[in-house]
Amino acid sequence: MTQNIKRQSLEKNMLFNSIGSMFYLVCQWLISVLAVRLASYEVGGMLTLAISITNLFYVIATFSLRVFQVSDTACKYPAGRYLSTRLLTCLLGFVGCVGFVFVNRQYTSTQRLCIVMYMVFKLSEALVDTLAAEQQKAWRMDYSCYSFLMRGAATLVLFIVTMLLWHNLFLTLALMAGAALLIVLCYDVSVTLRIVPIELHVSWKQCFPLLQEAWPMMLNGALMVLLASIPRYLLEMYAGSSVLGIYSSIAMPAVIIQTGSSFIYSPLVAPLSEKWSAGDMRTFRKDVFKTLLAILMMALVVILGGAVLGDWGLQLIYGESIAPYTWQLTIVLLSTLSLALLYFFEVPLTIMRRLKIMSVMHGAAVVVVAIASMLLIPRCGMIGVSLAMIIAAGLDALAMGITTFVLTGKMVRKGDSTAV
């Protein structure tokens, strides 16, 4: 039964989102670190490979509907339709992942099993994503925060205990996936039902209109994942899992920029959508610009911190074996900033429903990153991954940023002329 849920302020929602997301991020980061410390760079590389491969199929599972769902302030589609659609897309993502890993003969049986099981774990995140969107629309991101805390703690503890006892990555991922799904079913579903009624109709006929309208978002999400995954995929192909494990160990702290950016802009999706629906173009544009400045300032602090403390911090975490590679951290941080800006500009352009133009930009960027990676990685090794990302994602982010401010500027001028 639904209840009258009191809205929380934007500041509280941002605080809860930051606390929950940061805790979950740290737990996932520690899992990647401990895969190396409790096992080896080989196991760390295998985990990274699983993460990289499943990222693409996770996009299919979510259909990149989060911003679309939150910005649906007119409730064109009910919550039950979004969840029903998510269940179908989760099935599509899982089947696609299983088919991909068993068609690719280059992977060992252990690698295949770990990739498939990590995909099961990612399905728990996909289910949470659509439930959290309804919580966000109700301005209650504290519920999402508690889910992050429970799932992060449970998966981290299970990873440590299982790896210490059995040193088996597949078993570890299986227990993590089971725990995460149990929390989603017992907690996230329950609190969402308090906010909004949900009637499931899991059929292609019922869900097709939503999929048809939102498919450009899925395409855009898939293209952005390819943009980030192709260089790592090629690095593993050229140099092996151990080298990929080393690169991923360096790159893990860089996720702070991307996640920190999401802390800043994610709670703003609902307020920005309301301003857009109300026709307040001037405030909409101003808020986008202020958010961009906040992201750039945060990134500057992180990059400077990485330049000063990166070598010491990485050696503290991974030991002296990482020392020959720590100089790459600053370049990795710059590549992550490029990706963070991509994900940020997705928000205003999605609210404005400029989906096709984003598809063209992302498609061009994927072609650029593939060519750059094939040229740079064989010549430069691990650093070629970051350089290819900076070139492709940087150009893509620049194009999206210019498009955002040109379009909003035209709308502000049109509104001013109409007012006159």
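The model is predicted.

## The nonpolar core

Start inside. The largest nonpolar core has 128 residues. Seven members touch the most other members: Phe159, Leu169, Leu173, Leu227, Ile257, Tyr318 and Leu342. Helix 5, residues 109-137, gives the most to this core, with 14 residues. A separate core of eight residues lies apart from it, and its members include Ile183, Val191, Ile195 and Val196. In soluble globular proteins, nonpolar side chains tend to be buried together.

What does Phe159 contact beyond its neighbours within four places in sequence? The list is Ile31, Leu34, Ala35, Leu169, Thr172 and Met176.

## Buried spots along the chain

Helix 9 covers residues 241-251 and is mostly covered, with nine of its 11 residues buried. Among the buried ones are Leu244, Gly245, Ile246 and Tyr247.

Ser261 sits in helix 10, residues 255-265. Is Ser261 buried or exposed? Ser261 counts as buried because its relative accessibility is 0%. Leaving out residues up to four places away in sequence, Ser261 touches Ile295, Met298 and Ala340.

Ala79 belongs to helix 4, residues 79-103. Its relative accessibility is 8%, so Ala79 counts as buried. With residues up to four places away set aside, Ala79 touches Glu134, Val196, Pro197 and Ile198. Val196 is also a member of the eight-residue core. Ala79 and Asn17 are 62 residues apart in sequence, and their C-alpha atoms are 21 Å apart in space.

Now the surface. Val157, Val161, Leu165, Trp166, Leu171 and Leu175 make a nonpolar patch of about 550 Å². Two elements give two or more residues to this patch: helix 6 (141-166) and helix 7 (169-195). Helix 6 provides the largest share, four residues. Leu175 lies in helix 7. Leu175 counts as partly exposed because its relative accessibility is 35%.

## Charged pairs

Side chains of opposite charge can pair when their charged atoms come close. How many salt bridges are found in the whole structure? The search finds seven. The table shows three of these pairs.

| Asp129 | Arg86 | 3.3 Å |

Lys275 is partly exposed, at 22%.Asp142 and Arg140 are both buried.

Asp129 is buried at 14% relative accessibility, and Arg86 is buried at 1%. Arg66, Arg86 and Asp129 are linked in a network of salt bridges.

## Cysteines without partners

The structure holds zero disulfides. For Cys90, the nearest cysteine sulfur is that of Cys207, 12 Å away. Cys90 is buried, with a relative accessible area of 7%. Cys186 counts as exposed, at 57% relative accessibility.

Definitions and conventions:
Residues numbered from 1 in each chain as written. Predicted model: local features only at pLDDT ≥ 70, side-chain atom pairs only at ≥ 80, totals over all residues. Heavy atoms only, no water. Patch = residues over 30% accessible without salt bridge, like charges linked within 9 Å, V, L, I, M, F, W, Y side chains within 5 Å. Areas by Shrake-Rupley, 256 points an atom, 1.4 Å probe, with all protein chains shown as cover. Salt bridge = Lys/Arg side-chain N within 4 Å of Asp/Glu carboxyl O. Buried < 20%, exposed > 50% of the residue type's maximum accessible area, 1.4 Å probe, protein only. Core = buried A, V, L, I, M, F, W, Y, C linked by side-chain atoms within 4.5 Å. Contact = heavy atoms within 4.5 Å. Disulfide = S-S within 2.5 Å.
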